[in-house]
Amino acid sequence: MSTTTPAAHTAAFSTARTTATAARVLRQLRHDPRTIALMLLVPCLMLVLLRYVFDASPRTFDDIGASLLGIFPLITMFLVTSIATLRERTSGTLERLLAMPLGKADLIAGYALAFGTVAVVQSALATGLAVWFLGLDVTGSPWLLLLVALLDALLGTALGLFVSAFAASEFQAVQFMPAVVFPQLLLCGLFTPRADMHPVLEAVSDVLPMSYAVDGMNEVLHHTDLTSAFVRDVMIVAGCALLVLALGAVTLRRRTD
């Protein structure tokens, strides 16, 4: 006679289970004002700080502000998501949830939906602040900036979910940021054009999603119309986010040993 756990009968994916998971995560976030402040206010404060750092040179803010509009949400969502997911695992919550009729795909999609909802608000606040209050000069549509900022935030969420599987503590989760985020930050073309880098570094930057996020922001910054390069960049960032989410579902562990 075979024995199976309830989770063994769980379907591969369920919209109802996914939305229920997302609702649970959002309820938890609602009771954590410090985390909400980190996700919603810190990117805005960083943009304000950046604007007045270059107060004597507004053109410099225009040149790099759009790129950082996508990078700041990615960093904050990476930190919050990786720590929150790890906390669920170390507290035994994930083990209890996965013992129920809840698949890994449902869980990962639910977390992505919950944090993605926060990312929409975060990206809208940061984009509106940069364009309409800090005077970021954008040639294209601000709505396209918002799209790239949102995709960057979702990418940060996906990366956070993925790396949380390899951390044994919240401190280790934070330690992954220099390994996962900082190389992309240095090679994305923010500090120097990627074409001017050493050929090896340029080749590495060509496979990093943040490079295409920065390229997409620059397309909006300098072109009035929707360009094919922008569409390519957006599709690559979105595809990377989906790929990392899939990897997160595969590597998700019930608990930390």
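The following dialogue covers the helices of one predicted model and the packing of two of them.

Tutor: Residues are numbered from 1 along each chain as its sequence is written. In this predicted model, local features need pLDDT of at least 70, side-chain atom pairs count only at pLDDT 80 or more, totals use all residues, and side-chain values use heavy atoms, without hydrogens and water.

Student: Why is α1 called oblique to α6?

Tutor: Helix α1 (residues 15-30) and helix α6 (residues 104-133) pack at about 50°, with axes 7 Å apart. Angles under 35 degrees count as roughly parallel, over 145 as roughly antiparallel, 65 to 115 as roughly perpendicular and the rest as oblique. The pair is therefore oblique.

Student: Which residues of α1 meet α6?

Tutor: Among them are Thr18, Ala22 and Leu29 in α1, while the α6 side includes Leu107, Gly110 and Val118. Contact means heavy atoms within 4.5 Å.

Student: How many residues of each class are in the contact of α1 with α6?

Tutor: Eleven are nonpolar, four polar and three charged. Ala, Val, Leu, Ile, Met, Phe, Trp, Tyr, Cys and Pro count as nonpolar, Asp, Glu, Lys and Arg as charged, and the others, Gly among them, as polar.

Student: What share of the chain is buried?

Tutor: Of the 257 residues, 49% are buried, meaning under 20% relative accessible area with a 1.4 Å probe, protein chains only.

Terms used
Axes are lines fitted to C-alpha atoms, for helices over the stretch in contact, and angles run from 0 to 180 degrees between N-to-C directions. Helices (H or I, at least four residues) and strands (E, at least two) are DSSP runs, numbered from the N terminus. Buried means under 20% relative accessible area, exposed over 50%, partly exposed in between (1.4 Å probe, protein chains only).
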